[in-house]
Amino acid sequence: MASGSPNKELIRELQVLLDEAKLGSDPNDKFRVKSYKSAIEKISLMTVKIERESEIPLTKGGKIYLKVKEFLEKGHIGKTQEILATNENMIDIYRDLQKIAEVGPVRAKDLVETDELCVEI
């Protein structure tokens, strides 16, 4: 999705937040997942790079809007950097597991949470 987008770095940062929400256990995480998916979709459809706050295709003042604004100002999203510093391996494992046939987001999350992983080479 993000490979041809002029906003691929922003999308990559939002994807980390999406994956973190997918792995969360808070009941509100399902709403966060939906919101991040929607935001990533809107941004990935843009044909020009977002360079100014006025170009952000999200509801002004919303939480994700503010994260995108932070990205424009700093070149990164602080929460994303925090997640990558503490949970990068979990996020990578979660993503890799979903590449296996018949392992979807729920099963991947269960495997990551219960440490039922055994790698055979």
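Is glutamate 82 buried, partly exposed or exposed? In this predicted model, where residues are numbered from 1 along each chain as its sequence is written, local features need pLDDT of at least 70, side-chain atom pairs count only at pLDDT 80 or more, and totals for chains, interfaces and linings use all residues. Side-chain values use heavy atoms, with hydrogens and water left out. Glutamate 82 turns out to be partly exposed, with a relative accessible area of 47%; buried means under 20% relative accessible area, exposed over 50%, and partly exposed in between (1.4 Å probe, protein chains only). Its partner is lysine 79, with which glutamate 82 forms a salt bridge whose closest N and O atoms are 3.9 Å apart. Here a salt bridge is a side-chain nitrogen of Lys or Arg within 4 Å of a carboxyl oxygen of Asp or Glu. Because lysine 79 and glutamate 82 are 3 residues apart in helix α4, about one helical turn separates them. Helices (H or I, at least four residues) are DSSP runs, numbered from the N terminus. Lysine 79 is likewise partly exposed, at 35%.

The whole structure holds 8 salt bridges. One of them brings together the side chains of glutamate 53 and lysine 69 (3.8 Å, N to O). This pair links distant parts of the chain, since glutamate 53 sits in the loop between α2 and α3 and lysine 69 in helix α3, 16 residues apart. Both are partly exposed, glutamate 53 at 29% and lysine 69 at 26%.

On the α2 side, Ser35, Tyr36, Ala39 and Ile43 meet Ile64, Lys67 and Val68 of α3, contact meaning heavy atoms within 4.5 Å.

Helix α4 (residues 78-97) includes leucine 97. Leucine 97 is buried, with a relative accessible area of 11%. Its C-alpha atom is separated by 8.6 Å from that of arginine 107, 10 residues apart along the chain.

Note on methods:
Helices (H or I, at least four residues) and strands (E, at least two) are DSSP runs, numbered from the N terminus.
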